[in-house]
Amino acid sequence: MSAVPDPPAQGARRRSREVPARSEDEIIQGAPAEMLDRPAGQVLESVCWAGPDPDPDSLSAQAFLTWL
Amino acid sequence: MLDLAPSSSIAPTPFNPHRVDDLSDAELDSLAFGVIALDEEGTVLRYNLYESRLARLDQHQVVGRNFFTEVARCARNEAFQGRFLAFAARAAAGEVDRFDYIFDFKFGAQNVVIELVRAAAAPRWYLFVNRSSIAPPRPSFPVELLAAEQRDLAPDEGLQGVLRDELERRIVDAPAPFFAALRATCDRLAPESWQLFATEWGVQWGRRTAVDLEASVLERGERSLREISMREVATLIAAYLSERGWGAPSFDFALTTEGLLVVNLDRSALAEAAPRPPRKSDAPRDDLACHIVAGCLAGILSSVAGRRLAAREVACVAGGADRCAMVVVAHERRAVVDAALGEGNRGVESIRAALRRAPRGAESTR
């Protein structure tokens, strides 16, 4: 029998993440600073997800009438 | 009236606390507040992802243990356990009790509002845990009464083949060939299902990732993903994916005036693990490989937007593109994107043109 006490629990093995940070310009494009400063929920809610009004010149007559 | 506000928009439907017993484990895991189900003695019956994340305890190690004596010793007192036992002894289904409390962990003190609800059809009691803030550990709090740590519940996990990250989340170190094997399996057994399967897998992952990010935001002292800046959310999502080796995402907002958000992904792990075409073959490649990441983005962004969004990969390195690109659109417009992709269109501009040609309001609502 060993007189050496059991070592304290060590838990699981660990993995740490050390990733070089990318600059904001690398992560975000095409947005004015004003948009980026606003709350994300507000920004994404304000996007016109239905898309813009159709351009009559690029729609077939039938599609345009459907939209109307 | 229960106040479960922080981001209950992650929930697929409005949350009804009195019907919580009807929710599946997956649905509980999509909620951005803690949910714990106990029996009348305090044994943990259910324990959702958000609670697991902020208590830094593995769901599988918590279920089956006594909440007051083994998991949250900081709640073993008259103010919490006594209140719970009294409520369990008297409360009829539908009755609610509510009180403020502080959960003391080794890594911090969490100010919470507890809501107690009895399940409608069974002798189960639900604790809803709404965290309002997280503070440093209270030096005066007795160490022996701190909530359990993961290593208390499962010592020596390192000898049991368990790998965890710094927040005690169990992780699996999956090399890229694992994903190549998954794709090869799907190609062999159900090739038509790959996009559907992978996208849905990604969406499910994205919903859980949103919960994880909500917890991170709270730990930083802020209220919710929806309330931090768009800049911070984009950076958080990009870091989440790149730190885990999925590649380097970037968000392009230039087309949001057309209801289209573009997310580019450089060095995509999935694209680089995709099957390579036979040499000297002119056969077109099955060229879109990153549906899982696209689905994940849809899951996260839907929770931030408070509405259903869909994301589709429209160009992929696996198909010869310079970089992988995904478009995020309203869920109602996804059929237009799918139809354009099905016709062989690739690239953001092609999909953009297809969306512009589609009459507004004529999209599929399937």
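This is a predicted model: local features need pLDDT of at least 70, side-chain atom pairs count only at pLDDT 80 or more; totals for chains, interfaces and linings use all residues.
Chain A first. Its 68 residues include 15% that count as buried. Four helices and two strands make up its secondary structure elements, and along the sequence they come in the order β-α-β-α-α-α.

Then there is the contact between the two chains. On the chain A side, 42 residues touch 49 residues of chain B. Strand E1 (13-14), helix H1 (24-27), strand E2 (28-29), helix H2 (33-37), helix H3 (40-46) and helix H4 (61-67) of chain A each give two or more residues to this side. H3(A) supplies the largest share, with five residues. Sorted by class, the chain A side holds 21 nonpolar, nine polar and twelve charged residues.

Strand pairing also links the chains. E2(A) runs parallel to strand E8 (residues 248-252) of chain B, and two bridges join them. Within this pairing, Gln29(A) has Asp252(B) in E8(B) as its bridge partner.

Over in chain B, helix H8 (residues 194-219) packs against helix H11 (residues 291-305), with the axes 6 Å apart and at an angle of about 40°. Because roughly parallel is kept for angles under 35 degrees, H8(B) is oblique to H11(B). The crossing of H8(B) past H11(B) is right-handed. As for who does the touching, the contact between H8(B) and H11(B) draws on 13 nonpolar residues, along with nine polar and two charged ones.

Conventions
Residues are numbered from 1 along each chain as its sequence is written. Chains are lettered from A and ligands numbered from 1 in the order in which they are written. Axes are lines fitted to C-alpha atoms, for helices over the stretch in contact, and angles run from 0 to 180 degrees between N-to-C directions. Angles under 35 degrees count as roughly parallel, over 145 as roughly antiparallel, 65 to 115 as roughly perpendicular and the rest as oblique. A crossing is left-handed if the near helix is turned anticlockwise from the far one by less than a right angle, and right-handed if clockwise. Ala, Val, Leu, Ile, Met, Phe, Trp, Tyr, Cys and Pro count as nonpolar, Asp, Glu, Lys and Arg as charged, and the others, Gly among them, as polar. A residue is buried if 20 or more other C-beta atoms lie within 10 Å of its own, exposed if 12 or fewer, and partly exposed in between; C-beta atoms are placed from the backbone. Two residues are in contact if their C-beta atoms, placed from the backbone, lie within 7 Å. Two strands pair if DSSP finds at least two bridges between them.
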